[in-house]
Amino acid sequence: MRAAALVELVARDLRRSRRSFFLAAVGIAVGVATLTFFLALAEGMRSVVLGRVFPIDQVEVIPPESELGSVLSVLGGGPPGIEDAQVRALRSVAGVRAVLPRMRLAFPTSGRGGRAVFGRDVGAGEIPADGVDAAMVRGDLPSGADFSDPDARSSRRPCASHGDCPGGEYCALASLPAQGQPPPAGSCQLPIPVVASPYLLEVFDNVIAPAHRLPRLGRILAGRAEGLILEWDLGRAGLGAARQGTPRRVYARLAGISRHAMELGLTVPLDVARRLNREYAGESSATRYSSVVVYLRDASELTRVSGEVRRLRLEVRTSGAEQVGLLVTLLTLVLTLASVVTVAVASLNIAHAFLALIAERRGEIGLLRALGATQRDVAAMVLAQSLALGARSSAVGLVVARVAAWGCDHLARERLPPFPFKPDVWFVFTPGIVLGVLGFGVGACVVSALLPALRASRVEPASALSGGV
């Protein structure tokens, strides 16, 4: 049978049988729509949760008992730390793309600032901070932004106020002023560049800013990421004072936002962290890293890299990504199963409809056979009808899913209050999802028509035309 004749026969039969296939086609469309909807939602959740909140292509490596050590470091003790030799060993592990050592400031700090932006100073009695290699951060900063230790470039000119310092420098105090006493003499120094993480920005914009009636930093930093000045007290904070060194006041300048920055705190150049740790916490805190972030070439390398980390007598800090990923997967499986059952039931209805039509049109099929149609032609005609029905129903289901997703995204933007990492789009329709679901819907229809096609191909012309069985 020629292709044109086959297409004409298929189109004619579908028009004649549209009532018989209506409910089954609706079932296929509903199943495909719900399956696409839930898969796109799961993909959107993964892109936000496992892409922004819990990146799955990186792990944080910590020394044993690091949690206890971090508390001891603030109270004056020293954390176990990670040696340079261990960092070099991690860089040589197969499957590792990059290694970012982090050095936490092992002494208390506090600060305040932001009057020019907020209209008043915003302070924190405790500011966690760490240092990273400047080369890892520069790619996230605006062009020309400086992220290096400014100590050697500062003029160190004696000063009593900022007005005594040349442009770009601030009057840093050699010691913190006592309550009710005038500030001591200082020296002119360039501010220490710091970067903040997108996570901290999200928390500030959606939690801290609304609670204190402050403007959201995201809108301000979109056009001006540099220049926010922080008055930073080193060696003294709410938990006490550093075990050595004289508490003093310096100034920090926000250089930008970086995904390599500390999640809830500030990040400075590694040279600054070394210098300040040496001054306030001792030599051991200036030569050991508090943690190391290992970036993987592929998320599938996590298990093997984790084994190599433990072989080096280090630990992998669990971020919750595995648990969240498992939860997303389980929810996706449950919802997908419900959608698959819907499609399966609709497919059974299609099979039943085809069997009924074949029994009803035995005479027509017998006439086609008598006019020269082969068994293969008859089977191809039935399968082509099921393919066309599945393609049309699945396409309708995909459109319904897209419209429903657009409506949910619109409602989420308008009705849901701001919260950290609130996505602009909750549904991600990847080509794999669209093509996979379309193939599943069409395939289910074709498979359901296999038995009816086989039965139709076995109809004998003489028996059908004579009315026999």
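Let me begin with Arg153. Arg153 pairs with Asp146 in a salt bridge, and their closest N and O atoms are 3.1 Å apart. Keep in mind that this is a predicted model.

Arg153 has a relative accessible area of 44%, so Arg153 is partly exposed. Asp146 comes out at 30%, so Asp146 is partly exposed too.

Now the wider count. How many salt bridges does a search of the whole structure find? The search finds 14. I will pick out a few.

Take Glu231 and Arg112. Their side chains meet in a salt bridge, with an N to O distance of 2.7 Å. Where do the two residues sit? Glu231 is in strand E10, residues 229–234. Arg112 is in strand E3, residues 109–113. That puts them 119 residues apart, and the pair links distant parts of the chain. As for accessibility, Arg112 is at 23%. The cut-off for buried is under 20%, so Arg112 counts as partly exposed.

Glu308 forms a salt bridge with Arg311, and the closest N and O atoms are 3.0 Å apart. Both residues lie in helix H11, which covers residues 302–311. They are 3 residues apart, about one turn of the helix. Which of the accessibility classes do they fall into? Glu308 has 25% relative accessibility, so Glu308 is partly exposed. Arg311 has 57%, and the cut-off for exposed is over 50%, so Arg311 is exposed.

Back to Arg112 and Glu231 for a moment. They belong to a network of salt bridges that share partners. Asp233 and Arg249 are joined into that one network as well.

On to the cysteines. How many disulfides are there? The count comes to 2.

Here is one of them. Cys159 is joined to Cys171, with an S to S distance of 2.1 Å. Cys159 is in strand E6, residues 158–159. Cys171 is in strand E7, residues 170–173. Left-handed or right-handed? The torsion about the S-S bond is about 95 degrees, so this disulfide is right-handed. Both Cys159 and Cys171 are buried.

Now the other pair. A disulfide joins Cys165 to Cys188, and the S to S distance is 2.1 Å. The torsion about this S-S bond is about -85 degrees, so the Cys165 and Cys188 disulfide is left-handed. Where are the partners? Cys165 lies in the loop between E6 and E7. Cys188 is in strand E8, residues 186–189. Cys165 has a relative accessible area of 12%, so Cys165 is buried. Cys188 is at 0%, so Cys188 is buried as well.

What pattern do the disulfides follow? Count the bonded cysteines along the chain, and the pattern is 1-3, 2-4.

Cys408 has a relative accessible area of 32%, so Cys408 is partly exposed. Cys445 is at 0% relative accessibility, so Cys445 counts as buried.

That is my tour. Over to you for questions.

Key: Residues numbered from 1 in each chain as written. Predicted model: local features only at pLDDT ≥ 70, side-chain atom pairs only at ≥ 80, totals over all residues. Heavy atoms only, no water. Salt bridge = Lys/Arg side-chain N within 4 Å of Asp/Glu carboxyl O. Helix = DSSP H or I, 4+ residues; strand = E, 2+ residues; numbered from the N terminus. Buried < 20%, exposed > 50% of the residue type's maximum accessible area, 1.4 Å probe, protein only. Disulfide = S-S within 2.5 Å.
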